[in-house]
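Please look through the sequence and the three-dimensional structure below, and keep both at hand while reading the paragraphs after them.

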Amino acid sequence: MDATNPTSAAGGITPALTAPRAGNTSEAATTLAQDFDTFLTLLTAQLRNQDPLEPVDSTQFVDQLATFSGVEQQVQTNQQLGSILESLGAGANSLADWVGHKVEAAAAIRFDGAPVELTTKPLAEARQAALIVTDGTGKIVDTQLVDPAANRITWDGLDRDGDPLEPGLYNFEVQRSDGPESLPSDTPKGFAQVTEARLVNGEIRLILDGGAEIAAADVTALRPAN
């Protein structure tokens, strides 16, 4: 993807929790290890020096071990939580970087009255090509012949009668043929602005102006918003 210094949008997503500082967590783990060694030393000394006739109740040792084990588990949990929150924070920043930018992808494009610039892959063997435009209901609203060798197409937003179409979401397809033989069609790419970015099952999904949704992996170019 050809990104051009994306900047984080104001009001971007931020984690609801604050991750503990990595340094503090590391220090706590080191202190805990030292305390555990001290605890074992004291416990061994206590066992060696107890009165054989009146030994310390074994349940006290169990309680001490259980207490220390709980503290140790809590520190480990805090370490894991810190790692998770740091990962979420990085993901949130990545999501925020998409919002507000224009991305190029093979998706439905919102028409707002201005000509729509499309990019397509021409086929060398194609003799004829036509741009087919459909609205949100799947109805064909425009069909126009285009240069079969062109890799860029401009759609003016007019219907078959030359009348301006209503603003909205439109789908595009380029159909090609080699005389009587039909060739594989192509979904041209256009630019649309990202209004929302979501993390779905570990994949970044982008919501475009007009409601179309694509995977971030399908983006082939990136532009700053005007």
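The model is a predicted one, and its largest pocket holds about 430 Å³ of space. Of the 15 residues that line this pocket, Lys102, Arg110, Asp112, Phe191 and Ala192 are the closest to its centre. Two or more lining residues come from each of the strands β2 (109-111), β3 (116-119) and β9 (189-200), and the largest share, 3 residues, is given by β9. Sorted by class, the lining is made up of 7 nonpolar, 2 polar and 6 charged residues.

Arginine 110, one of the residues closest to the centre of the pocket, also takes part in a salt bridge with aspartate 209, at an N to O distance of 3.8 Å. Because arginine 110 belongs to strand β2 while aspartate 209 sits in the loop between β10 and β11 (213-215), this pair ties together parts that are 99 residues apart in sequence. Both partners are partly exposed, aspartate 209 with a relative accessible area of 33% and arginine 110 with one of 37%.

In total the model has 5 salt bridges. Another of them joins aspartate 178 to arginine 127, with the closest N and O atoms 2.9 Å apart. Here too distant parts of the chain are linked, since aspartate 178 lies in strand β7 (residues 168-178) and arginine 127 in the loop between β3 and β4 (128-134), 51 residues apart. Aspartate 178 counts as partly exposed at 25% relative accessibility, whereas arginine 127 counts as exposed at 62%. Glutamate 203 is partly exposed, at 35% relative accessibility.

Strand β3, which contributes to the pocket lining, runs antiparallel to β6 and is joined to it by 4 bridges; in one of the pairings, glutamate 117 has threonine 154 of β6 as its bridge partner. In a regular strand the side chains alternate between the two faces of the sheet. Strand β6 (residues 152-155) has Ile153 and Trp155 on a covered face, and Arg152 and Thr154 on an uncovered one.

Asparagine 201 is exposed, with a relative accessible area of 82%.

Technical notes:
Residues numbered from 1 in each chain as written. Predicted model: local features only at pLDDT ≥ 70, side-chain atom pairs only at ≥ 80, totals over all residues. Heavy atoms only, no water. 1 Å grid on protein atoms, 1.4 Å probe; cavity = no way out; pocket = protein on both sides within 12 Å on 5 of 7 lines; lining within 4 Å. Points joined across faces, edges and corners; volume = space filled by probe spheres on them. Nonpolar A, V, L, I, M, F, W, Y, C, P; charged D, E, K, R; others polar. Buried < 20%, exposed > 50% of the residue type's maximum accessible area, 1.4 Å probe, protein only. Pairing = 2+ DSSP bridges. Salt bridge = Lys/Arg side-chain N within 4 Å of Asp/Glu carboxyl O.
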